[in-house]
Each structure stands twice: as C-alpha cells, then as structure tokens.
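Hi everyone, thanks for coming. I'd like to walk you through one structure today, so please have a look at it with me.

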Amino acid sequence: MSEDSLAEAQQSLGNPETTYPLWPPQTLGCPETSTEEVQYPLEVTYDYESVDRGLFESELTKFDRWSPLLPPLADIGLGEGQTPLIEMPSIGDWLDLDTPVFVKDESQNPTWSHKDRLNRCVVSAAVQTDARGLVVSSSGNHGASTAAYAARAGLPCIVLTAPETPPVVQRFLRAYDAAVIAMDDWHDRQEILDLITERLGYHPASTRTAIHTGHPFGPEGYKTIAYEIVTQLNRSPGTVFVPTGHAELLYGVWKGFRELGDLGVIEGTPRMIACEPAARGPLATALETDREIATVKANPTTASAIKTQTSTVRGRRAIEESDGAAWTFTEEQLSAAQTRTARGGLWQEHSGVAGIAGLLAAIDAGQTVDGPIVCLATSSGFKDGETWTAPRVDPPSISESDSNSSQAPMTARWAAVREILSTQYGLDV
C-alpha cells in the first residue's frame with residue numbers, strides 16, 4: 001500500500017467549498033450539491049505545497065512514481081502507464097500541418113486501453129475499503145480492465161453487460177474469472193449494480209447516477225497521461241485532442257495539466273479538444289446551446305465506446321477551464337483517421353482514433369491548431385466490433401496447379417506471385 005499519497009479530501013464540482021473526507025469514496029456523486037436534474041461528481045484534493053518538484057524531472061518509470069498526486073494505491077499494479085508518445089508524420093503530412101503531431105498510444109496498457117489507469121485507482125479503493133468484490137456495468141474496455149485488476153487484487157468481479165456483447169468480449173471478461181451477466185435494459189443494469197453494491201458489499205467501478213459521475217478516484221488515474229506527455233515532450237503541448245464520451249478521460253487529463261501549471265512545472269497549459277461522433281455529440285450540443293447538460297438522439301455510430309447521449313459536468317468544466325472546444329467528426333472522417341493511423345503503424349479501434357478524427361474535422365473546418373499537437377489513442381483495433389463480425393477474407397494463394405510443367409516450380413510460383421501483387425495490390429514489381 002502506498003503511504004506517500006498527498007491526497008486529502010473529496011471536493012464537489014458543484015461547489016468547491018463542499019468537501020468530504022477522503023474515505024469512503026462518494027460513489028453516488030455529491031449528496032449536497034446534486035439535484036434530480038444534475039448530479040455533480042467529486043474529485044480528490046491534495047496537499048500541493050508538499051509536492052516535491054523533482055517528481056517531474058526524471059525519465060518515466062512505473063505508474064507508482066506519481067503516487068504523491070494520486071489517491072492511495074494498493075500494490076496491484078500490472079505495468080499500466082508509461083505508454084509511448086509517437087510522432088506521426090503520416091498524419092501531419094496528410095493534413096498538411098507545419099507543427100508535429102504526436103499520438104499517445106494507450107493501447108499499450110495491460111488490457112490494451114486507457115481504462116487501466118482508472119482501474120488502478122478504483123480497484124485500489126476497493127482493496128482499502130475491504131470490499132467483498134468489484135461490480136461494473138460495461139460492454140467493453142472498462143469491464144475487461146476492472147476484471148483484470150480485480151483478479152490481480154484477488155477479488156471477485158461481476159460484469160453487467162448487454163446481450164449483444166460479442167462472444168469474444170465475453171471470453172475476454174471470463175478469462176479473468178469475472179461473473180458476466182447480460183441484461184437488455186441499461187436502467188435494469190444500473191438498478192442491479194446498486195443492489196450488488198448495497199446488499200453484497202461490492203465496490204462499484206462505474207457510475208451509479210443518471211448524469212454520469214463515476215468513481216471520484218477514477219479520473220485521478222488519467223492525470224498521469226498529462227504528466228507523462230510533459231515528461232516525454234519536455235514541455236506542454238499546444239493542443240490535446242481527446243476521444244470523449246462521459247469525459248472522465250478529458251477531465252482527468254486536463255486536471256493533470258492544470259496541476260502542472262499550478263505547480264510551475266510548465267508555462268501555460270494546452271487547449272483541450274473533446275472529440276465526439278457527429279451522430280451524437282452531447283457535449284458539443286451543451287456548449288452550443290449554453291446548457292450545463294444536454295441530451296441527444298441515439299443515432300448510430302461506429303465509435304461504440306463513446307456513443308453517449310448525455311453530456312457531463314466534467315466535460316464542460318474541462319473545456320471551459322482550458323479555453324478548449326468540442327469538435328464532432330463524421331463517420332467518414334473517423335474511418336479515414338483509422339486508416340491513416342494504421343498506415344502510420346498504429347491500429348486502433350474506431351473510438352480509439354476519435355482524437356485523430358477530431359483533428360481532421362478541425363482542419364477541414366479551417367481551424368488553426370497550436371502545436372505541438374497530441375492526439376490520445378485509447379484502445380487496440382482488435383477491440384473493434386468490425387473485427388469480431390467482419391466476414392472472412394481469404395488472401396490470394398498459390399497452389400501447385402499454378403506451376404507450369406515446362407518451368408521450374410519456384411519460377412512459376414514467383415510469376416504467379418508477381419501477377420497477384422501487380423493486379424490485385426497495384427504494386428510495381
């Protein structure tokens with residue numbers, strides 16, 4: 001158990017003067033400032049005056065390095081964090097930019113997504129409150145990550161998911177010995193999550209409120225992305241593009257940059273850009289209509305991990321505090337971003353390249369983007385729904401019948417290979 005955490009309390013985003021002790025985590029939002037219409041999340045406060053500035057002066061090491069600015073961590077690490085920041089000329093050249101574009105590849109985490117940073121903190125809270133287990137409502141990355149860290153902690157995990165969750169995802173969850181229960185209705189899953197929390201003593205890893213508040217310790221793990229980016233760049237980026245659903249990631253990364261600015265580690269902080277599918281875009285709608293919370297129609301999108309309908313308090317705060325913006329991208333821009341990113345050597349799921357799609361949308365709209373530019377890429381392409389459901393595609397093959405008896409077999413096969421490469425793949429061979 002880490003003993004060097006400088007965490008002090010929980011503070012409401014509804015009113016910063018409303019605070020609670022650090023324990024137990026308030027998993028139902030702020031009970032004092034929340035209303036039926038808007039539930040306000042809480043965040044962790046720290047003794048910033050005691051932070052050693054040398055914390056940010058060395059090369060990247062393990063996640064626990066940042067423990068002074070994280071909630072107390074249990075010894076359940078799986079090697080999360082320390083993900084590469086990769087300059088991508090294939091994207092910068094494609095968009096004709098005169099500033100470098102970097103991709104922060106979160107697919108390099110233990111369960112191949114950014115959720116591992118959140119769950120290192122959330123599952124640590126479960127361990128330290130002597131919870132009987134973890135419960136989470138998820139059909140993808142969050143469920144797998146919670147199950148993995150619960151297994152690491154020796155705790156049972158219950159995953160409430162949708163019936164349409166692909167068998168391969170269910171296999172992923174069960175690999176960690178999670179109990180997987182499928183239920184049609186989201187509201188039913190939420191009700192069962194509450195009952196498991198209250199009656200069985202399990203710790204909730206996902207939101208329990210209608211307006212997403214989540215776990216107050218979760219976004220603290222995402223702060224480490226900002227710490228790592230600054231350590232890797234040796235400066236603050238100019239603009240950061242973030243795939244955005246419930247905006248936990250957006251807010252957590254922004255809070256990390258805000259802390260670095262307040263501590264004097266960086267001069268100036270980046271603009272945060274929320275990147276949402278145009279088919280939904282609740283945060284963009286809330287900002288455009290000047291509403292604290294907005295709800296939109298459930299139009300289809302391939303960005304399944306961020307297809308939220310209702311915006312959140314965290315999202316609006318991150319944009320307002322960073323002088324940022326919310327950009328929506330089309331399905332065509334999303335597909336182009338996935339293809340271009342893969343051509344540069346990184347294969348991400350559709351939701352994972354939402355940051356690159358948001359950058360493309362901004363450039364297509366004639367926006368000027370300050371550099372260096374960082375796009376967060378959140379999860380491996382192996383997790384995309386299309387990967388699990390696409391029809392089989394057999395590559396062209398060469399058989400014995402392709403050999404001409406008057407030629408040596410290898411010569412004939414080489415001729416057949418060259419024909420395939422030329423006619424089917426357009427290569428100059």
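I'll go through helix packing, then a salt bridge, some backbone details and a surface patch.

A word on the source: this is a predicted model, where local features need pLDDT of at least 70, side-chain atom pairs count only at pLDDT 80 or more, and totals for chains, interfaces and linings use all residues. Residues are numbered from 1 along each chain as its sequence is written, and side-chain values use heavy atoms, with hydrogens and water left out.

Let's begin with helix H6, residues 218–233, and helix H7, residues 248–262, whose axes come within 7 Å and cross at roughly 55°. Helices here are DSSP runs of H or I with at least four residues, strands are runs of E with at least two, and both are numbered from the N terminus. The axes are lines fitted to C-alpha atoms, for helices over the stretch in contact, and angles run from 0 to 180 degrees between N-to-C directions. H6 and H7 are therefore oblique to each other; under 35 degrees would count as roughly parallel, over 145 as roughly antiparallel, 65 to 115 as roughly perpendicular, and the rest is oblique. Their crossing is right-handed, meaning that the near helix is turned clockwise from the far one by less than a right angle, with anticlockwise being left-handed. Among the residues that meet are Tyr222, Ile225 and Ile229 from H6, and Leu249, Val253 and Phe257 from H7. Contact means heavy atoms within 4.5 Å.

H6 has another partner: helix H2, residues 115–128, packs with H6 at an angle of about 130°, their axes 7 Å apart. H2 and H6 are therefore oblique, and they too cross in a right-handed way. From H2, Leu118, Cys121 and Val122 are among the contacting residues, and on the H6 side they include Tyr222 and Ile225.

H10 passes H11 in a right-handed crossing. That contact includes Leu334, Ala337 and Thr341 of H10, together with Ile356, Ala357 and Leu360 of H11.

Now, how many salt bridges does a search of the whole structure find? There are 16, counting a side-chain nitrogen of Lys or Arg within 4 Å of a carboxyl oxygen of Asp or Glu. One of these pairs Lys255 with Glu43, the closest N and O atoms being 3.4 Å apart. Lys255 is in helix H7 and Glu43 in strand E3, so the pair ties together parts that are 212 residues apart in sequence.

On to the backbone. Trp23 to Pro24 is a cis peptide bond, with omega near -5°, and Pro24 sits in the loop between strands E2 (19–21) and E3 (42–46). Gly371 and Pro372 are also joined by a cis bond, omega about -5°, with Pro372 in the loop between helix H11 (354–364) and strand E13 (373–377). Gln82, a residue other than glycine, has a positive phi near 55°; its place is the loop between E3 and strand E4 (85–87).

Last, the surface. Tyr425, Leu427 and Val429 form a nonpolar patch with about 280 Å² of accessible area together, and Tyr425 lies in the segment after helix H13 (409–423). Patches are made of residues with over 30% relative accessible area and no salt bridge, joining like charges within 9 Å and nonpolar side chains (Val, Leu, Ile, Met, Phe, Trp, Tyr) within 5 Å. The areas come from the Shrake-Rupley method with a 1.4 Å probe, and for residues only the protein chains shown count as cover.
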